[in-house]
Amino acid sequence: MVQFACLLFPVAIALQFLDTPAVRFLYETDNRLTLFPLILPFPVLLWRNMRIYTEERYRMMHDFYGAFHVSVRQRYRLRFLVCTVLAVLAILLEIWLFTLYHDRCTAISSGNSHPASLYVPYRYDNGNDPVQEGVYRIVDEKGRIGYADEHGNTLVEPRFAFGFPFENGKAKVTDTGELEEVPGSDGEYHYWESEDWYYIDRKGQRIE
């Protein structure tokens with residue numbers, strides 16, 4: 001199990017760096033074709049270990065270990081304990097990473113690409129704000145605008161009266177103003193009126 005987990009660990013990490021099109025491609029591919037390559041190493045490792053760790057080899061290892069001094073055996077026991085703890089932590093981290101990937105796949109498949117943000121997505125055109133340049137807008141309970149990445153990690157805490165989507169690495173925001181109705185739209189369309197606009201980067205820092 002530990003060997004199998006070690007093989008899957010880099011895969012679990014790599015999945016976190018896939019962009020949305022790659023995630024969608026893997027998720028929408030036949031599940032058997034997607035999961036089979038990940039499961040295949042387990043019976044191979046099981047067969048390999050059964051061939052290596054025979055009863056005779058076990059007796060040889062037991063005799064070899066028994067010949068050590070007590071202090072040496074204690075040192076080996078400590079190493080074994082540390083390796084066991086590290087293996088358990090790695091397996092737990094791997095489960096968490098695969099869970100994040102599964103949640104992201106489910107969110108993308110359902111049309112909601114905002115699975116983990118602490119804030120709700122900004123509502124745009126009767127739906128969640130679309131991801132643009134890997135970023136989408138979020139809003140807090142006071143209606144302030146902020147930004148999160150496509151994984152739901154908050155990049156800029158909501159603090160702006162209004163903000164536009166990111167374009168060319170920057171977003172146009174304001175701390176003042178009010179929502180105005182577009183003339184002749186019968187209340188269907190609105191825009192934000194302000195006299196104090198400026199730009200921010202992905203860290204929320206003001207730029208020219």
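## Surface patches and overall build

Leu92 lies in helix α6 (residues 70–109); helices (H or I, at least four residues) and strands (E, at least two) are DSSP runs, numbered from the N terminus. The model is predicted: local features need pLDDT of at least 70 and side-chain atom pairs count only at pLDDT 80 or more, while totals for chains, interfaces and linings use all residues. Residues are numbered from 1 along each chain as its sequence is written, and side-chain values use heavy atoms, with hydrogens and water left out.

The protein chain contains six helices and 12 strands. It has 208 residues, of which 25% count as buried; buried means under 20% relative accessible area, exposed over 50%, and partly exposed in between (1.4 Å probe, protein chains only).

Leu92 is exposed, at 51% relative accessibility. A nonpolar patch on the surface, with about 840 Å² of accessible area together, is formed by Leu78, Leu81, Val82, Val85, Leu86, Val88, Leu89, Leu92 and Ile95. Nonpolar side chains (Val, Leu, Ile, Met, Phe, Trp, Tyr) are joined within 5 Å, like charges within 9 Å.

A patch of negative charge (Asp and Glu count as negative; the charge is placed at CG of Asp or CD of Glu) gathers Asp175, Glu178, Glu193, Glu195 and Asp196 on the surface.

Conventions: Patches are made of residues with over 30% relative accessible area and no salt bridge: like charges are joined within 9 Å, nonpolar side chains (Val, Leu, Ile, Met, Phe, Trp, Tyr) within 5 Å. Accessible areas come from the Shrake-Rupley method with a 1.4 Å probe; for residues, only the protein chains shown count as cover. A salt bridge is a side-chain nitrogen of Lys or Arg within 4 Å of a carboxyl oxygen of Asp or Glu.
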